[in-house]
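Trainee: I would like to learn how the terms for a structure are applied, and I would like to check each term against its definition.
Mentor: Then let us look at the structure together and take the terms as they come up.

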Amino acid sequence: MASNNHFTNSRSNLSTNSDAAEAAARNQQHQQPSGVTFARRTSSGRYVNYSRDDLDSELGSVDFTNYTVHIPPTPDNQPMDPSISQKVEEQYVSSSLFTGGFNSVTRAHLMDKVIDSETSHPQMAGAKGSSCAVPGCDVKVMSDERGQDLLPCECDFKICRDCFVDAVKTGGGICPGCKEPYRNTDLTDLAENNNKSVQKQQRPMLPPPPSSSGGGFGSKMERRLSLMKSTKSGLMRSQTGDFDHNRWLFETSGTYGYGNAFWTKDGNLGSEKDGHGMGPQDLMSRPWRPLTRKLQIPAAVISPYRLLIFIRIVVLALFLMWRIKHQNPDAIWLWGMSVVCELWFAFSWLLDQLPKLCPINRATDLNVLKEKFETPTPSNPTGKSDLPGLDMFVSTADPEKEPPLVTSNTILSILAADYPVEKLACYVSDDGGALLTFEAMAEAASFANIWVPFCRKHNIEPRNPDSYFSLKRDPYKNKVKADFVKDRRRVKREYDEYKVRINGLPDSIRRRSDAYHAREEIKAMKEQRQNREDEIVEPVKIPKATWMADGTHWPGTWLNSSPDHSRSDHAGIIQVMLKPPSDEPLHGVSEGFLDLTDVDIRLPLLVYVSREKRPGYDHNKKAGAMNALVRASAIMSNGPFILNLDCDHYIYNSQALREGMCFMMDRGGDRLCYVQFPQRFEGIDPSDRYANHNTVFFDVNMRALDGLMGPVYVGTGCLFRRIALYGFDPPRSKEHSPGFCSCCFRRKQKKSRVAEENRSLRMSGGGGDSDDDEEMSLSLVPKKFGNSTFLIDSIPVAEFQGRPLADHPAVQNGRPPGALTIPRELLDASTVAEAIAVISCWYEDKTEWGSRIGWIYGSVTEDVVTGYRMHNRGWKSVYCVTKRDAFRGTAPINLTDRLHQVLRWATGSVEIFFSRNNAFLASPRMKILQRIAYLNVGIYPFTSIFLIVYCFLPALSLFSGQFIVQTLNVTFLIYLLIISITLCLLALLEIKWSGIELEEWWRNEQFWLIGGTSAHLAAVIQGLLKVVAGIEISFTLTSKSGGDDVDDEFADLYVVKWTSLMIPPITIMMVNLIAIAVGFSRTIYSVIPQWSKLIGGVFFSFWVLAHLYPFAKGLMGRRGKTPTIVYVWSGLVAITISLLWVAVNPPAGSTQIGGSFSFP
């Protein structure tokens, strides 16, 4: 929670400076305080207050309003003794729908019912349970991790948490049922006694950390990082005067309390004098093994590849020099256009080819990962997972365009991923605020109770139920458990029912809303008649709301839009669908649906988030939604790593998360900003007509970039380091001088004035080398990140938890083993209220969110810009290609949809070129070849201008009877032959070291020309108009025609949708076909036929038409209706008839056909 009370011994430098800034600004100016009210509405209609209605807030700075949310004692909320567990409070919080925003009340609506169907999993919001037996109270009773009722009295009187606290605090500890005193008033003991069958190993009990206020547990930061005991006081303070955590961790053997890195042997809080201290030397007994390794391309492949690149560069240079010197005086205009185009093509090829000089492959070792992080060691005696937390982001915006079933299946694949349950959290961003998405998520959470344990029990792959049950291979292969067939049949039946419920949600919500609306109208009419007995009653008009399953208004977008309930105007919403799991494994039982005796039935944290939207605010589309998730997740779980997926990309390899973590946790992994996985697609036609798989980019270009500073970020399937998204520089960035001539002209190294422990949280200005920027950035943290001090305090925690293990002397900036085996923080009301505050529409005002921090705004392709900014600060990235595809998604197979997709990408590239994200302006930290790669990203759409001209040149040559050269002499043919052969050999070698197929390479070449003559040209025009004149142009569909064959899996491939993007390629095809006929006719009836010029023109025309062949097939529509051969034969017959007609009735002055046939 945003608070001004901090534990001075554990506060970070960031929070220290932020408080200083707040204190300085507080003395300058005061404004009207902003109210943040927090309450909960129960099913009976009463509100339980969690905070006072009017809060005193003070100005944090001139530009920011600081807010503080307290939890004062009220009749409904008495202060709880620290001995009473917060787990029941967490159940209440996770069953509440939190809403709020700017200048509005933050409320928590207690959801007794999230969906119409029953939910039984104890972690799920709205799970069924017993009601409180106290008269007048209908709240659910307390329950344990298995969902069983916690009954504090032997008489088994059912009582909820609030009534139990009232009985203990004000009722003398007397049970309302039997009127006898409670024997135990500690909910923790109740839970343990109720679940004796679960054996738990616990850490030695530690005293509560001290607090600056003298009591209580202090802030969240205090509970996470609190000093218990130390022996070397000289190491306790850094240069800023604050406690030096990192130095203390490595240079003392004291015990680091909640969040400790080293636990002393025998549970003693001793020092070196006791002989019980444990230090890093205990970890060096075994040989150190890396988690990843580089697989170099064989020299027999890469050496000829590099040699051919050099040869082709030389040949291209000589060829262009020859072309410039040997003009064609007969058609100087034709020669000029061709030379200009060829010069650009050579430049474009150079930009594309140079970054491919150093391709590499990588491999991971999951066995070593398990040995290091999940095997009992002296620092981790129980073998509990020491892996860092991971927050998964799924983004969706419109349930009509992105079917809820697809999104829910993606969520199920995340919940079933092979990663420690307590370390995994899934956040779903619904940018449309639709109740349909909300209830689809709730249905997914309910079905996960069956699906996730089934996947764990039988090692199911893939863990997307729709993909798994659609597999065409034998599902029973390699399944050894006897009950697999029975379990699979039952789960398949449940999944079929689940699909019916998901697909029926739109009608269900509509019918429910209509019924509640009719009830409200009847109620309003009755009230009107009672108030106006003798007057004429007019029809009552009530806004038609959208109703939730519990009979209350949906706070998001209504089916019939109204003020405060539309796509661009609604409150912020957070619902914890699945509360955080318990810290220890929770095994199922043999009773019920499946035999889950030895299966962990816990589910990861699942949170629904819909950020606040209001008119007048620029919400920045997907980038803004992702930044809202970054802030909300930092408040609620603060995983040091983030993996984002589109709603149609699911986890195909359940161990992909572990493979990505191998890179982050390996030596030098602290300098990695992200791990990019390749995109793989399903539902593509077998021939991949429009190069939807894009294998040349994902398997050639991205592997090649991996040998430089790393691949570009492509928008999905990317594992981020959280502090890299926060805009910080990589650790040890000052140790490198990556300038172009750094080997010859070394810069003088300045001695940094920043303490070593803060080097990993350095934020310089624009890639500069000034240390003043570092110190100044720390004092301006609130202006960079906003006013949430809890968010600011979470930054050093995320940085520390994201470090690799310090299990080898060569590992720099590491963390000791065992630091992340502690239980997580419990969710409370103030935490979720803070999350509501940071997703409000005003939070980013006058901060650096979107300009330096998080996903970057201002471009359609925010993904490329975000990755560019990280590389520009000196971070590196890694390309992780797994043996089994990590993620799979869908891609448009329709021609028009594919062109519009390419148009969006190209438009973003043009925007990048005309922005300050142009690679020409990159910092010296970016390597020269990486800079060339990013330069190519911004320049490639402009190739379309020269490509279209070059595609018309063969036709112009045939029409005019001239050619780009005066004659097809031997020199020209030799140059052309060498250039073509080297291109083919380079393609073959790329196929060899990348593993793609020749057909995939050819499909990519074809679509390069199709996209270059259509979408890329439109993107350039659109970008130029936007930059020069500020005119926004959108290319939309003008007409649509749908297919009627629902049984055809690829029916959408044959649907013809007209769009203006098709005009240039169609024109090129028609002009070249006509030019071929005209050229043949002219040559045949010419007195002196110029066969060399005809052959040159026809050859290049066929080159153009061969590349446009998939486009022509797309225009032909559905196969079966009009076979392709009909079009082919129609063209041949037309040409034959034309030639016969010319032969029968030749032009005047011609005496024979063809003249004399001879080559020059």
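Trainee: In which sense do strands E15 and E18 pair, parallel or antiparallel, and over how many bridges?
Mentor: E15 and E18 (residues 876–879) pair in the parallel sense over four bridges, and strands here are DSSP runs labelled E of at least two residues, while helices are runs labelled H or I of at least four, both numbered from the N terminus. Please keep in mind that this is a predicted model, in which local features need pLDDT of at least 70 and side-chain atom pairs count only at pLDDT 80 or more, whereas totals for chains, interfaces and linings use all residues. Residues are numbered from 1 along each chain as its sequence is written, and side-chain values use heavy atoms, with hydrogens and water left out.

Trainee: What makes E15 and E17 a pair?
Mentor: Two strands pair if DSSP finds at least two bridges between them, and E15 and E17 (residues 718–721) have three bridges in the antiparallel sense.

Trainee: Why is E15 called largely enclosed?
Mentor: Buried means under 20% relative accessible area, exposed means over 50%, and partly exposed lies in between, with a 1.4 Å probe and protein chains only. Five of the five residues of E15 (residues 672–676) are buried, so the strand is largely enclosed by the rest of the structure.

Trainee: What makes strand E13 mostly covered, and which strands pair with E13?
Mentor: In E13 (residues 641–646), five of the six residues are buried. E13 pairs with E7 in the parallel sense over six bridges, and with E17 in the antiparallel sense over four bridges. Ile 642 has Phe 720 of E17 as its bridge partner, while Asn 644 is the bridge partner of Phe 393.

Trainee: Why is Asp 431 counted as buried?
Mentor: The relative accessibility of Asp 431 is 9%, and the cut-off for buried is under 20%, so Asp 431 counts as buried. Asp 431 is found in the loop between strand E8 (424–430) and helix H11 (435–458). The UniProt record, an unreviewed entry, places the feature "active site" at Asp 431 and Asp 863, although such annotations may be inferred rather than shown by experiment.

Trainee: How do you know that Asp 431 makes a polar contact with Arg 611?
Mentor: A polar contact is a pair of N or O atoms within 3.5 Å, where within protein one atom must be able to donate a hydrogen and the other to accept it, and residues adjacent in sequence count only if both atoms are side-chain atoms. The side chains of Asp 431 and Arg 611 make such a contact at 2.7 Å.

Trainee: Is Asp 863 buried or exposed, and which residues is it in contact with?
Mentor: With a relative accessible area of 13%, Asp 863 is buried. Contact means heavy atoms within 4.5 Å, and, leaving aside neighbours within four places in sequence, Asp 863 is in contact with Tyr 713, Val 714 and Gly 715.
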